[in-house]
Structure formats: C-alpha cells, structure tokens
Amino acid sequence: MVVDTGGVITVSKSKMPSMIERQATAAVEESSAIIFLVDGQAGLTAADVEIADWLRKHYSHKFVILAVNKCESPKKGIMQVSDFWTLGSFSPLPISALSGTGTGELLDLVCSGLDLHEEQDEDYVPAISIVGRPNVGKSSILNALVGEDRTIVSPISGTTRDAIDTEFTGPDGQKFRLIDTAGIRKRAAVASSGSTTEALSVNRAFRAIRRSDVVALVIEAMACITEQDFKIAERIEKEGKGCLIVVNKWDTIPNKNQQSAVYYEQDVREKLRILQWAPIVYATAISGHSVDRVIVAASEVEKERSRRLSTATLNQVVQEALAFKSPPRTRGGKRGRIYYCTQAAIRPPTFVFFVNDANLFPETYRRYMEKQLRKDAGFPGTPIRLLWRNRR
Ligand code: GDP
C-alpha cells in the first residue's frame, strides 16, 4: 500500500515542522519503507536538510530511501545526486518520474527492505473448480466428492447464480472451496441446445477458472480432445492457475492393460502440450472409484503452486543451467548475462531474472531456462513465470 503524504516541501519553512507533524508523521509511523523524495533540478534545499534531520532523529529504525527526482539522464544524474550525499546516512538514488529512469531500481530497493513473504493466511482456503465439456462427468465427480445433494439448482430460469460454492475437506485434511460449475449446465442445456450450449459452457468455464486456484480439467477417456478442451487449457495457463487433467470414464476403455495409461498419456500430452506440467488422474466417477485421488492430486498441486524456492537453491539451478548452455551470442558479439534470480511471488511461482539486457535472451533460451527450472525444482501442476529484467 502506497501512502502519498502530499508535499511537505511546498510549506514555508517556518511552518514546516508542524506540517510534518500533521501530514507526514502518521504516514511515516505506519509505513514499512519510506521514500524521501527530493528535487534533483532544484538541488539541495534547507527543507531537505530539515526533513533528513527529522527522519534521522525520530525514525532511524525505519527503512528510508532517498530518491532524487528529475534526473532524466543517467549520466547527469550522478552529478545531480552529488549534492545530496551531504545529507549523510542516506544514499541518493537518481530517478526520473517523467522518463522512468531508475524507477525499477527504486522499486527493487523498496522491495528489498520489505518483508514480502506472504503471511501465513490461516483463513486461506483454495478454490477448486471442475471444468470440461458437457457430459464428460463433471457432476458425477462432484457428487462423488461431496454427496448427491450439492448440485441442486433452482429450475427457474434466471434465478441461478453462476456457481454455488461448497466447502469440503479432502482425505488428506486439505480444505477446499469447490466451485460448482457442473449443476448449472443442466439448466442451460434445457434452455438452449447445440453450439450455444457449448459456447455457454466455455464461457462458464472461463469464469470458474478465474475464481479458482486449482482447476480439474475433465476429459472423457473414449472421446477426442477438442478445440474446446484446448481453449480451456490455454486459459488455465494464461491465468496462472494450478491444474490437473482428469481422464474420466476410464471404465469404458476396453481391454485395458498396463500400457493403456501410457499410450493415453502420450496422446493427451501431445494434444494438450500447453499443460505439459499437469498431472493426469484416471477416474471412474460413476463408481466413485479413484475420485479421492482427484482431491489428493489437487492438494498436491495447490502445495506446488504455493511453494517457495530459497534464493540459494534457485541460483544454484540457474548457475548449472548457465554452465550447461550459455545464452547465444549476437552478431555483434554481445551475450546475455544473468546477475541473479529471485522468486518474487507464489501462486503461481514467479521468478525474476536480473540481467544485463533482456533482449539478449531469445524465446528459445527462456524456454530452456524454464525447462531446467522444472527439471531441477519441479513445480508439477502449476504454471511458472519467468520475468527478465534489465539491471545496470
Ligand atoms: P457433466 O455434464 O460433465 O456434468 O457430466 P455428468 O456427470 O452429468 O455425466 C454425463 C454422463 O456420463 C452421465 O450419464 C453419467 O452417468 C456418465 N458418467 C459419468 N462418469 C462416468 C464414468 O466414470 N464412467 C461411465 N461409464 N459413465 C460416466
């Protein structure tokens, strides 16, 4: 949360302390990091000195960043900030709000001073949705999971909410909020038919995906993977959601043997390449058989999606990947360099690579790095994000 204290420097010097008291004290007190912003074109003023003294006197325990604004040119910026070294105990950082120079560094600096590790949210209950084409067995899975009476939908047109959530606890104790997308389709199917129903169900799936943490994409064992499945898969990846592929009606496959699942998996992987990382669960919803496995797999996916790699482990993986294959050299002989990497977020796991020049890392190399990361650090069931940022 960013608090703007609204310009203490516009106040005349004599009134300043009282203005600071009233305007900025409250904000500074409750802040975890303070950006002390000065004007690099006006140079050092008496007011700056006063504010610096005030910060030092009362808030030496706080994390203060001295940002010198209006330094459009990085070269000139070094000159512009030189004045401000006299403020002592603060290292001036040249930035330009106008051109954006140095604002990335400012953000990094702010973040480095904050404890950004997500607090353990006791109340966090991941949401799971069961999506897929009509008739693949979504309601059957849902019923097997939470009991027959959950999918009752009002038969009166227009009165049904898009989805009705149910909380339940899986066999491993993981709590989930189940987004019910299955029951609703039944009503829509009465009102319309054919392609309209198909289109309706895709849009409904999209809405459910957005609200979910983990998506169980159900496909039917004997049916082909269609454009519709692909669209849903694409959306899951794009929105950074966890995913497991449920191959339902496994009982309908004739003459199954140990190889059946292997062949089947090859086919699914081929057609849903975008979900390479998603675990596959084979289920027979009508017998309730293996439906628990869906939930166990979902909670594993949820754990992966919330997993954090230590910076040390991460950089070890990155260094190894680099040693094995360096970024390609450009025609001009330039080569990308990775300074370090950090995991900036979870759900989905997001990694920031600080590099000399992001343009020196072509798509093929980025994919290589993602593959290595997955190979060494896993993250099955969740998309991961790699961000490439320039750092001078
Ligand atoms: P939904 O439209 O995706 O919610 O699908 P339903 O759950 O309504 O199931 C569609 C049809 O497939 C129903 O007739 C179910 O009895 C049947 N079905 C669901 N799961 C299975 C299964 O595992 N095996 C078989 N053989 N039939 C199933």
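A nonpolar core is a set of buried Ala, Val, Leu, Ile, Met, Phe, Trp, Tyr and Cys residues joined through C-beta atoms within 7 Å. The views below show a predicted model.

**View 1. Nonpolar cores of the predicted model.** The largest nonpolar core has 42 residues. Within this core, I141, L217 and V246 have the most contacts. Leaving aside residues up to four places away in sequence, L217 touches V131, G132, I232, A233, I236, C243, I245 and V246. A second, separate core has 14 residues, among them A67, V68, C71 and L93. In soluble globular proteins, nonpolar side chains tend to be buried together.

**View 2. Helix α5 and the shell around the ligand.** Helix α5 spans residues 138-146 and is mostly covered, with 8 of its 9 residues buried. The buried residues of α5 are K138, S139, S140, I141, L142, N143, A144 and L145. One of them, I141, is also among the residues with the most contacts inside the largest nonpolar core. The ligand has 17 residues around it, of which G137, K138, S139, S140 and A285 come nearest. The largest share, 3 residues, comes from α5. By class, the shell divides into 5 nonpolar, 8 polar and 4 charged residues.

**View 3. The open sheet β10-β11-β12.** This sheet has 3 strands with mixed pairing. Its edge strands, β10 (338-345) and β12 (385-390), each pair on one side only. Neighbouring strands are turned by 25 degrees against each other on average, direction ignored. Strands β10 and β11 (residues 350-355) run antiparallel and are joined by 6 bridges. Y340 stands opposite F354 of β11. The loop between β10 and β11 contains P348, which is joined to R347 by a cis peptide bond with omega about 0 degrees.

**View 4. Positive phi values at K70 and N135.** Most residues other than glycine have a negative phi, and most peptide bonds are trans. K70, although not a glycine, has a positive phi of about 70 degrees. This residue K70 is found in the loop between β2 (63-69) and α3 (74-82). K70 counts as partly exposed because it has 18 C-beta neighbours inside 10 Å. N135 likewise has a positive phi, near 75 degrees, and lies in the loop between β4 (127-132) and α5. With 14 C-beta neighbours inside 10 Å, N135 counts as partly exposed.

Methods
Residues numbered from 1 in each chain as written. Predicted model: local features only at pLDDT ≥ 70, side-chain atom pairs only at ≥ 80, totals over all residues. Buried ≥ 20, exposed ≤ 12 C-beta atoms within 10 Å, placed from the backbone. Contact = placed C-beta atoms within 7 Å. Helix = DSSP H or I, 4+ residues; strand = E, 2+ residues; numbered from the N terminus. Near = placed C-beta within 6 Å. Nonpolar A, V, L, I, M, F, W, Y, C, P; charged D, E, K, R; others polar. Pairing = 2+ DSSP bridges. Axes fitted to C-alpha atoms, helices over the stretch in contact; angles between N-to-C directions.
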